[in-house]
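This briefing covers selected features of one protein model, grouped by topic. Please read it alongside the sequence and the structure shown here.

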Amino acid sequence: MYYGVYGVATTMMSVMVKAISGYLDRSGSIGILVNLKNDSKRFNELKELVGVSPSTLTKRLEEGGELGVITTRLGKDEYARDQRAVHDEYMITERGLVVLDQIEEFDIAYRYRQLREAEQQMEEG
């Protein structure tokens with residue numbers, strides 16, 4: 001069967017959409033993208049903001065990196081005694097912003113934020 005140039009591109013796009021869709025269905029994925037929208041974050045910051053276990057967060061960051069929606073960079077630790085200390089910072093990519101825009105069109109990001117606020121209020125008392 002011959003798909004031609006456009007058929008191959010469409011098939012590849014379809015595979016990517018399915019992969020990103022599957023990623024978004026997993027625990028913590030939407031929260032990671034929402035929390036990275038405006039600023040890079042360190043692992044522990046994301047763990048607190050997203051509310052998932054360290055192992056789940058590690059998996060989602062790796063998966064997001066493989067899909068090209070999240071990337072990492074090395075940041076200097078401003079408060080360390082040793083100024084050579086560095087840490088990983090996680091950032092959303094352009095592709096991740098496109099995905100997040102689509103999520104926000106359906107108010108999913110807003111609902112996520114409401115859910116996290118309710119969870120935090122329950123934890124506090």
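Setting aside residues up to four places away in sequence, asparagine 35 touches Lys41, Leu46, Leu49, Val50 and Tyr112. The model is predicted, and every value below is computed from it.

**Asparagine 35**
- Asparagine 35 is part of helix H2.
- Its relative accessible area is 17%, and because buried means under 20%, asparagine 35 counts as buried.
- The side chain of asparagine 35 comes to 2.7 Å from the backbone oxygen of glycine 31.

**Largest nonpolar core**
- The largest nonpolar core has 22 residues, and within it Ile32, Leu33 and Ile70 touch the most other members.
- At least two residues of this core come from each of helix H1 (4-24), helix H2 (29-36), helix H3 (43-50), H4, strand E2 (86-92), H5 and helix H6 (108-124).
- H2 gives the largest share of the core, with 5 residues.

**Isoleucine 70 and arginine 60**
- Arginine 60 sits in helix H4, which covers residues 54-67.
- With a relative accessible area of 10%, arginine 60 is buried.
- Beyond residues up to four places away in sequence, arginine 60 touches Tyr23, Arg26, Ser27, Ser29, Ile32 and Ile70.

**Helix H5**
- Helix H5 takes in residues 94-105, 12 residues in all.
- From first C-alpha to last, H5 reaches 17 Å, close to the 16 Å expected at 1.5 Å a residue.
- The buried residues in H5 are Gly96, Val99, Leu100 and Ile103.
- Viewed down the axis of H5, these buried residues fall within an arc of 100°, so they line one face of the helix.
- Exposed residues Glu94, Val98 and Glu105 are carried on the face of H5 turned away from its buried side.
- After H5 comes aspartate 107, which has a positive phi, near 60°.

Terms used:
Residues numbered from 1 in each chain as written. Predicted model: local features only at pLDDT ≥ 70, side-chain atom pairs only at ≥ 80, totals over all residues. Heavy atoms only, no water. Helix = DSSP H or I, 4+ residues; strand = E, 2+ residues; numbered from the N terminus. Expected span 1.5 Å × (residues − 1). Buried < 20%, exposed > 50% of the residue type's maximum accessible area, 1.4 Å probe, protein only. Arc of directions from axis to C-beta. Contact = heavy atoms within 4.5 Å. Core = buried A, V, L, I, M, F, W, Y, C linked by side-chain atoms within 4.5 Å. Polar contact = N/O pair within 3.5 Å; in protein donor to acceptor, adjacent residues only side chain to side chain.
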